[in-house]
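Please look at the sequence and the structure shown here.

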Amino acid sequence: FYVQFSVGIPSSMSKFNIKIGKCDGAVVIGDRANLTIGATQVHSPCQETGDDINYKAKSGYVLVINNYIFPTRPDGERHWSEEDVKGLKSLFDDFNFTTKIHDNLEQSEIKRLLQDTSEKDFGRYDCFVCVILSHGSKDGIYGTDNKLINIEAITSCFRRNECPSLEGKPKIFLIQACRGSEQDRLTIESDSEPIPRASSSLPADADFLICFASAPNHQSYRQPEIGSWFISAIVDVFKKYAEREHLMDMMLRVNNRVANFLGKMGQTSLKQIPCQVCMLRRKVFFNPTHNTPLLLAIMPPCKLHHMKSRYFGLYAPFLTGKPSSMSKFKVNVEQCKGAVVVGDHAKLTIGPTGKISEAHAPFQESGDDIDLKVKSGYVLVIHNYSFPKREEAVRHGSEEDVKNLCSLFDDFNFKTRIVNNLTQSQMVEILSETAEKDFSRYDCFLCVILSHGLKDGILGIDDEKIKIEAITSNFRRDACPSLEGKPKIFLIQACRGNRQDRVSIESDSEPVPCASSSLPADADFLICFASAPGHQSYRQPELGSWFISTVVAIFKEYAEREHLMDMMLRVNNHVANYFSKTGLKQIPCQVCMLRRK
């Protein structure tokens, strides 16, 4: 946890020596750490539990496909793409990753290259990164011959069965391409040059998080008494970690937990991996009273002075309680000779006699703050469990999901509305009605849908489909202005197709979730798009694309101390604040099936 000692930053799972010299003693408090307090040694077991969710990517293989010449298109060249390649090469050289760059490939050549790459032995690498710079549409990427290759055809080459040496390792896809022809425009009165600049108005699709129970085309599963694997995992993880982790970190834990479930069907077992579509810009914390990470060290008396630190320990409790964010708090240390309190970006006044009479922790001191404190929320639960037209008329176990969700949202003091068994037209009506509410008094909006579903939509109890886009579009900036800048979170427990992810087993166990050593075929993928579905993405002279240039800048600054999804939230936030001379906006989008940081 980035506490800077004179002897350096200790690695996880290590014992490290701290020479304190003339100090009478020291206490270091970390996240769930068992601590030995003494003059020479402190043991910090960062991974002491079996619930570790950290990848360690010390080596990586990077494939870059840079399509910039399109002979059959009116705009024959993607200008400034070379700036993206230059920035990416510099970034991955910093990481000591092996990088292969291929220019101007037709559709068939892209397919052949991906197939050849997937046949490599990645045993010596910790992760795989594929960067594609090209033109594109909502469904895929264009080769230089203007023929489309679907996203699924790109990623499927690296699934568990097709590329076994990458099983359990992160597979990251950065895609700089338009996803349609829609433009997100704002009315502006600026004559500035068309280069990225900070904007006070956000893209219409910013701040959405859509969480699916399963990967595209795949089924999701429920069990009697516990409910669905997905919702039960969300409830368990959120109840345990919401006090100290933000939303996307908890969703990684949910993915990891569900990925280790299996259900029995004959001599095979069924697997499932949840999937998040993320356009959030900030870390979402559901319990703000625990959001100020602190470290307490007992040290000799010191003179009155000010200190400022970006290094922090995690959630150290005080006898006087935990200070709320943006507050002034008093800490009494009567029985020790001196004290230093270090908070995240905190300016601290330290008294000469060892007393800290007052310290100010400005939670949002820097302009680059991406922490969002959620003190209130509105939850809409659509619970479809009775389908009279179906042979399986009732979604058994779904009532357990509702019960567990109500308990969770009660813990958060969120206002919850539950509606049962809606037809497609009733779902459309209730969503439209909800979007017309004034959400000014709430910090976030959650919509939970428990139903049957398809790849691109949810079924009402009349078996009629409502598309995902028709659900979420009700809450975009222009349709629901009181939610602008606030997280809009959709938890969708429904199948996304009929495909089953099976692995062979030799077990006669009951068909209930249990730990499995084999992972779902779609686990550990992260697909990062430059823009939201259906929207254009933008490039500029000398800078390159908004998306890739931001990825490079953020990763270079934060890769030493933040994990991948935290950095992608920063990327989203930066790009969301760009705009062109004509008021064009853009928000990146991540499709996440990672299980770990």
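**A sheet and a pocket**

This is a predicted model, in which local features need pLDDT of at least 70 and side-chain atom pairs count only at pLDDT 80 or more, while totals for chains, interfaces and linings use all residues. Residues are numbered from 1 along each chain as its sequence is written, and side-chain values use heavy atoms, with hydrogens and water left out.

**The sheet**

- β27 is joined by two bridges to the antiparallel strand β28 (residues 457-459), and Gly 453 stands opposite Ile 458 in β28.

**The pocket**

- The second largest pocket has a volume of about 1200 Å³; a pocket is an open set of points on a 1 Å grid over the protein atoms alone, where a 1.4 Å probe fits, with protein on both sides within 12 Å along at least five of seven lines. The volume is the space filled by probe spheres set on the points, which are joined across faces, edges and corners.
- Of its 41 lining residues, the closest to the centre are Lys 138, Arg 179, Lys 455, Arg 496 and Pro 533; lining residues have an atom within 4 Å of a point.
- At least three lining residues of this pocket come from each of domain 1 (56-182 + 203-286) and domain 2 (377-593), with bounds from an automatic or database domain assignment.

Methods:
Two strands pair if DSSP finds at least two bridges between them. Helices (H or I, at least four residues) and strands (E, at least two) are DSSP runs, numbered from the N terminus.
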